[in-house]
Amino acid sequence: YTPSQLLVKVKNIESKMGRKKSVERYENRIIDIDILCFDNEIIESNELTVPHPNIKERKFVLEPWCDIDSNYIIVNENSICINLYSFFNFLYLSFYY
């Protein structure tokens, strides 16, 4: 698949699971599938931004990703997953302790 073909597949899955198109960007939805990365490509278009611009801010993304491949390089951050996750935890500890 190309990134565009994968996006079409993802949108079809979301639609089949009951997600409705909306003009609202942030709202409750039955399913939300994000394309986090696509190999080492950087894509910035109206339809798709890859790597996902908010990876470094999402512990629920970074934690399991580190379990799978902690050395994966996220190209737009020029960093590996474990470093981003560690920095996220550092910020959390600095804020709360």
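Which residues make up the largest nonpolar core? In this predicted model, where local features need pLDDT of at least 70, side-chain atom pairs count only at pLDDT 80 or more, and totals for chains, interfaces and linings use all residues, that core has 10 residues: Cys37, Ile55, Val61, Leu62, Trp65, Cys66, Ile74, Cys81, Leu84 and Tyr85. Residues are numbered from 1 along each chain as its sequence is written, and side-chain values use heavy atoms, with hydrogens and water left out.

**Nonpolar cores**

- A nonpolar core here is a set of buried Ala, Val, Leu, Ile, Met, Phe, Trp, Tyr and Cys residues joined through side-chain atoms within 4.5 Å, where buried means under 20% relative accessible area, exposed over 50% and partly exposed in between, with a 1.4 Å probe and protein chains only.
- A second, separate core has 7 residues, among them Ile35, Phe38, Leu48 and Val50.
- Leucine 84, a member of the largest core, is in contact (heavy atoms within 4.5 Å) with Lys56, Leu62, Ile74, Glu77 and Ser79, when residues up to four places away in sequence are not counted.

**Helix α1**

- Helix α1 (residues 3-16) has 14 residues and reaches 20 Å from its first C-alpha to its last, close to the 20 Å expected at 1.5 Å a residue, the expected span being 1.5 Å times one less than the number of residues.
- Its buried residues are Pro3, Leu7, Val10 and Glu14, and because they cover an arc of only 65° around the axis, they lie on the same side of α1; the arc is that of the directions from the helix axis to the C-beta atoms.
- The cover over the buried residues of α1 includes β1 (43-44), and glycine 18, which follows α1, has a positive phi near 105°.

**Cysteines**

- With a disulfide taken as a pair of cysteine sulfur atoms within 2.5 Å, the count comes to 0 disulfides.
- Cysteine 37 is in no disulfide, its nearest cysteine sulfur being that of cysteine 81 at 7.2 Å, and cysteine 37 is buried, with a relative accessible area of 18%.
- Cysteine 81 is likewise in no disulfide, with the sulfur of cysteine 66 nearest at 5.2 Å, and cysteine 81 is buried at a relative accessible area of 0%.

- Aspartate 67 is found in helix α2 and counts as exposed because its relative accessibility is 68%.

Methods:
Helices (H or I, at least four residues) and strands (E, at least two) are DSSP runs, numbered from the N terminus.
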